[in-house]
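Work each one yourself before reading its solution.

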Amino acid sequence: MKSLLYVFGRSVERRAIVSGALVSLAAAVGIGVVAGSLIDEQTKGAYIVNGLLFAGLMAGGAIAAAKSRQNPLLAATLTSGPVMVLAVIVQLIRRFGAGEAVAPLGLPLVMALSVSLATLGGLVGIRLGRRRQSLLDPTERPDTSLGL
């Protein structure tokens with residue numbers, strides 16, 4: 001099937017990943033890049049921007065997990081991929097474009113944080129996805145696996 005993507009030997013629905021990744025990427029660009037560049041570091045505004053950015057990454061993971069029928073946690077984790085690519089691009093622009101000092105562990109920490117937040121959002125999405133299933137169809141068994 002063209003709608004399935006095979007990652008690590010498991011099938012994941014492409015539409016779930018794309019919809020969650022679009023939400024995560026929109027949050028990363030809109031909140032992280034645009035609003036983050038307008039706010040000074042170590043201020044109240046910076047903490048608000050970070051909180052909104054974290055919520056956007058979690059929302060992307062939750063959407064992917066809720067839409068996925070198979071391996072929802074893997075789908076949620078894969079939504080962080082475009083955000084990691086954006087993080088690499090922003091770090092390269094900061095390093096070579098503006099000549100700012102970039103911490104050596106900054107990029108790995110951003111990547112680990114984006115994967116963690118997307119996975120946490122996936123757990124929330126799995127929980128919300130279970131509630132939406134019909135109680136009228138006794139033959140339909142919910143997928144209780146976490147996609148591990």
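This is a predicted model: local features need pLDDT of at least 70, side-chain atom pairs count only at pLDDT 80 or more; totals for chains, interfaces and linings use all residues.

Residues are numbered from 1 along each chain as its sequence is written, and side-chain values use heavy atoms, leaving out hydrogens and water.

**Exercise 1.** Find how strands E1 and E2 are joined.

*Solution.* Begin with the elements: strands (E, at least two residues) and helices (H or I, at least four) are DSSP runs, numbered from the N terminus. E1 (residues 4-7) and E2 (residues 10-13) run antiparallel and are joined by four bridges; pairing requires at least two bridges found by DSSP. Next, look across from tyrosine 6: serine 11 in E2 stands opposite. Finally, check the hairpin, where two residues lie between the strands and phenylalanine 8 takes a positive phi near 55°.

**Exercise 2.** Work out how helices H1 and H4 are arranged.

*Solution.* Take the axes (lines fitted to C-alpha atoms over the stretch in contact, with angles from 0 to 180 degrees between N-to-C directions). Those of H1 (residues 14-38) and H4 (residues 81-97) come within 9 Å and cross at roughly 30°. The two helices are therefore roughly parallel, a label for angles under 35 degrees. Now list the contact (heavy atoms within 4.5 Å): among its residues are Ala21 and Leu25 of H1 and Val83 and Leu86 of H4.

**Exercise 3.** Which residues of H1 are buried?

*Solution.* Apply the cut-off, under 20% relative accessible area with a 1.4 Å probe, protein chains only. Ala16, Ile17, Ser19, Gly20, Ala21, Ser24, Ala27 and Ala28 are buried. Their cover includes E1, E2, H2 (44-67), H3 (72-78) and H4.

Key. Angles under 35 degrees count as roughly parallel, over 145 as roughly antiparallel, 65 to 115 as roughly perpendicular and the rest as oblique. Buried means under 20% relative accessible area, exposed over 50%, partly exposed in between (1.4 Å probe, protein chains only).
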